[in-house]
Amino acid sequence: SSGINAEYGGINQSCDAMLSEQLSYLREIQTSLEEALTELEESPHSVEVASRAKDLYEQAQHSTVLVSCVGKMQKELVHCRWDLQQSLLSSAEEVADHETQVKTNKQTDREINKD
């Protein structure tokens with residue numbers, strides 16, 4: 001189970017790092033977009049500023065989609081980890097039950113052979 005937790009922790013840290021990176025990137029885009037919109041108000045016919053604002057808006061959309069995907073992936077990870085741990089637990093219980101059964105059978109054999 002510790003291997004699973006370490007693996008999970010590593011993936012989760014990578015996701016957190018990606019989210020953090022994207023969120024600071026989104027903040028930068030937001031600032032640039034606000035500046036571009038202010039410029040656009042001052043010169044509404046500037047094709048260059050309008051084009052820059054459009055590019056920034058598209059970058060923000062891509063980044064938002066990425067953040068959403070990483071968030072969903074982290075939720076999935078939690079479910080996968082839970083399922084895997086439950087599966088390992090039930091396997092361990094089956095092994096323990098089997099070992100108990102083997103011991104019981106040996107004990108029964110000894111008692112029968114005594115007679």
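# Questions on a predicted model

Visitor: Which residues make up the largest nonpolar core?
Guide: A nonpolar core is a set of buried Ala, Val, Leu, Ile, Met, Phe, Trp, Tyr and Cys residues joined through side-chain atoms within 4.5 Å. Buried means under 20% relative accessible area, exposed means over 50%, and partly exposed lies in between (1.4 Å probe, protein chains only). The largest core has seven residues, and these are Ile-29, Leu-33, Ala-36, Val-49, Ala-53, Leu-56 and Ala-60.

Visitor: Which element gives the most to this core?
Guide: Helices (H or I, at least four residues) and strands (E, at least two) are DSSP runs, numbered from the N terminus. Two or more residues of this core come from each of helix 1 and helix 2. With four residues, the one that gives the most is helix 2.

Visitor: What kind of model is this?
Guide: Residues are numbered from 1 along each chain as its sequence is written, and side-chain values use heavy atoms, with hydrogens and water left out. Local features need pLDDT of at least 70, side-chain atom pairs count only at pLDDT 80 or more, and totals for chains, interfaces and linings use all residues; this is a predicted model.

Visitor: How many helices and strands does the protein have, and what does its C-alpha trace span?
Guide: The protein has two helices and zero strands. A compact globule of 115 residues would have a radius of gyration near 13 Å, whereas the protein has 29 Å; this radius is taken over C-alpha atoms, and the globule rule is 2.2 Å times the number of residues to the power 0.38. Along its principal axes the C-alpha trace spans about 105 × 15 × 15 Å.

Visitor: How far apart are the end C-alpha atoms of helix 2?
Guide: Helix 2 covers residues 47-114, which is 68 residues. The expected span of a helix is 1.5 Å times one less than its number of residues, and for helix 2 this comes to 100 Å. The model agrees with that, its end C-alpha atoms being separated by 100 Å.

Visitor: Which residues of helix 2 are buried?
Guide: An α-helix has 3.6 residues a turn, so residues three or four places apart point the same way. In the protein, buried residues make up 17% of the 115 residues. In helix 2 the buried ones are Val-49, Ala-53, Leu-56, Ala-60, Ser-63, Val-67, Val-70, Gln-74 and Leu-77.

Visitor: How many residues apart in sequence are the parts tied together by Glu-39 and Arg-52?
Guide: A salt bridge is a side-chain nitrogen of Lys or Arg within 4 Å of a carboxyl oxygen of Asp or Glu. Glu-39 and Arg-52 form one, with the closest N and O atoms 3.0 Å apart. Glu-39 lies in helix 1 (residues 2-42) and Arg-52 in helix 2, so the pair ties together parts separated in sequence by 13 residues.

Visitor: Which residues are linked in a network of salt bridges?
Guide: Arg-52 also meets Glu-48 in a salt bridge (3.5 Å, N to O). These two are four residues apart in helix 2, so about one helical turn separates them. The linked residues are Glu-39, Glu-48 and Arg-52.

Visitor: How many salt bridges are there by this rule?
Guide: Glu-58 and Lys-54 form a salt bridge, their closest N and O atoms being 3.0 Å apart. They too sit four residues apart in helix 2, about one helical turn. By the rule, the count of salt bridges is three.

Visitor: Is Lys-54 buried or exposed?
Guide: Glu-58 has a relative accessible area of 33%, so it is partly exposed. Lys-54 has a relative accessible area of 51%, which makes it exposed.

Visitor: What distance separates the C-alpha atoms of Gly-71 and Gly-9?
Guide: Gly-71 is in helix 2, and with a relative accessible area of 25% it is partly exposed. Gly-71 and Gly-9 are 62 residues apart along the chain, and their C-alpha atoms are separated by 15 Å.
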